Amino acid sequence: MKDGAYMRNVDFKVQNLDEANSTAMLFTGAYPAQTGISSSMEFNPQKGTVQPALSDPKTMGNFTNDSFSAENLRLSTLADELQIAGNGLAAIYSFAADPQQAIIMTGHAGTSACWINNTTGNWATTTYYKSLPTPVSTRNYSTPLANRIDTMQWKPSIELSKFPGVPAQKKLYPFRYTFPRSDKNVYNRFATSPLGNKEVTDVAIECLRQLRIGSNPNAIDMLNVAYTVEPYKYSSDADTRVETTDAYLRLDGQIGRLLDAVDKYVGAGNAVIWVSSTGYCDEAVVEDKKYRIPGGDFSMKRAKSLLNSYLSALHGNADYITAFYDNHLYLDHKVLEDKKLDVSEVVSDARTFLTKMSGVADAYTLHDILSPSTPEEENLRLALDPKTGGDIILKFSPGWNVVNDLEYPTTSKSVRQSPVLTPAFIMAPGLAAQTVSAPVDAVAIAPTISGILRIRSPNGSQEKPLAF
């Protein structure tokens, strides 16, 4: 904030952001409609299955059974353009708890993308890239997370009395989280805690040191890390302000460690450093009903059943709905064709019915969004991939919980529409310290970094570089 360009308000514009589609926006300079990453998990209409956006059965995992690659990422990234500019000599590494974030940051042409296997705790990669970096592979054998996880705990890093902006009653009982290996979700719990951020930093610094990233005189190398300060959903209390504050304090320390390592192994003033939030926030726990906030539970199973009964009453008995995933509803077009029904008429009937359901603020057809006539539809268009989008896209009312009881285990997601103030920072040799208060489009970040590095912008960039 003192030495770099501080952008106070980066606007991602689109709704339903997550760690995958927002990271793709930052690294390609394009919206989900163009990147091919509309969501972390996507419904495949051809296969009728839900799968990770970067799932690729043609590749194999290294220290994991998961199969991922960057093939479904349709545009070039910052890392790709850097590799092209360096004639293939750049060393480009990414480290994250999440596999898809790691892969998006490394792009198609990077050296390696490494993530934490949520089943074993090992650091993993994919055969889409070169093998796991030697320092990471050595860590898996010499000091595996599985051997350390039982000894770890997360508790306040400073006295609770020193936490700012926290109610007095929250300062009475310090939180304490442990990570027993017997818990089947232990590595997910670990990865979304500040201890996961420390693990990411440890590995990144070790690779920076041993692999001498940034020392090639003939190319610009790149090191990417993804951290998290998301509300800790494994808390039993919806008010996670203390945990979140501590997560930020600890994150500040991890960023400091990483920057010190860059200065030590690459040299002060020899690096372009940029930091950005991903622009979204998932609520940790459903709001306590004692506060009487208007809302309720929207059951996807009930909605699907009622809609199918309604369409059967209008057009004859059949199973009209293929899937209901996230806020996308998919109709079975083969059934409509067999019954010789007009698709647009059935879609219109379904939309009318759904908009009358409690918890639904509005419903849009795929045709509405692909031919936008309102600002709301225009924003939805930026987020929609026509290849994976549903026939009807729902907008849920704030205060409601969307309950996915079509799958086991049942999951619930709270609906909030409050805009998130998203910061970003760029520190580079010759870049004057400044504060940018005006909103900055998220897709302008990648071409701006490209301009500072004097390389081409990613091939699908939607904005010009910012003029600093």
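Guide: Let's start with a term: Ala, Val, Leu, Ile, Met, Phe, Trp, Tyr, Cys and Pro count as nonpolar, Asp, Glu, Lys and Arg as charged, and the others, Gly among them, as polar. Keep in mind too that this is a predicted model.

Visitor: Thanks! How many cavities of 30 Å³ or more does the structure hold?

Guide: A cavity is a space where a 1.4 Å probe fits but cannot get out. The structure has two of them at 30 Å³ or more. The largest cavity contains about 280 Å³ of space, and its lining is made up of 23 residues. Ser-38, Asn-327, His-328, Ala-383 and Leu-384 are the lining residues nearest its centre.

Visitor: Which elements give two or more residues to that lining?

Guide: They are β3, β15 (328-331) and α14 (375-383). The largest share, three residues, is from β3. Sorted by class, the lining of the largest cavity has 11 nonpolar, nine polar and three charged residues.

Visitor: And what lines the second largest cavity?

Guide: This cavity holds about 50 Å³ of space. Among its lining residues are Trp-154, Thr-192, Pro-194, Tyr-232 and Ala-247. Helix α9 (residues 241-267) provides the largest share, three residues. Here the classes come to six nonpolar, four polar and two charged.

Visitor: Now for an open space. Which residues lie nearest the centre of the second largest pocket?

Guide: A pocket, unlike a cavity, is an open set of points. In the second largest pocket, Glu-42, Asn-44, Gln-51, Ala-53 and Asn-72 lie nearest the centre, out of 20 lining residues. The volume of this pocket is about 340 Å³. Both β3 (41-44) and β4 (49-52) supply at least two residues of the lining, with β3 giving the most, three residues. This lining divides into five nonpolar, seven polar and eight charged residues.

Visitor: Let's turn to a helix. How do I read the length of α8?

Guide: The expected span of a helix is 1.5 Å times one less than its number of residues. Helix α8 (residues 194-210) has 17 residues, so it should span 24 Å, and the 25 Å between its end C-alpha atoms agrees with that.

Visitor: Is α8 largely enclosed by the rest of the structure or largely open?

Guide: A residue is called buried when its relative accessible area is under 20%. In α8, 13 of the 17 residues are buried, so the helix is largely enclosed by the rest of the structure.

Visitor: What follows α8?

Guide: Look for Arg-212 after the helix: its phi is positive, near 55°.

Conventions:
Residues are numbered from 1 along each chain as its sequence is written. This is a predicted model: local features need pLDDT of at least 70, side-chain atom pairs count only at pLDDT 80 or more; totals for chains, interfaces and linings use all residues. Side-chain values use heavy atoms; hydrogens and water are left out. Helices (H or I, at least four residues) and strands (E, at least two) are DSSP runs, numbered from the N terminus. Buried means under 20% relative accessible area, exposed over 50%, partly exposed in between (1.4 Å probe, protein chains only). On a 1 Å grid over the protein atoms alone, a cavity is a set of points where a 1.4 Å probe fits but cannot get out, and a pocket is an open set with protein on both sides within 12 Å along at least five of seven lines; lining residues have an atom within 4 Å of a point. Grid points are joined across faces, edges and corners, and a volume is the space filled by probe spheres set on the points.
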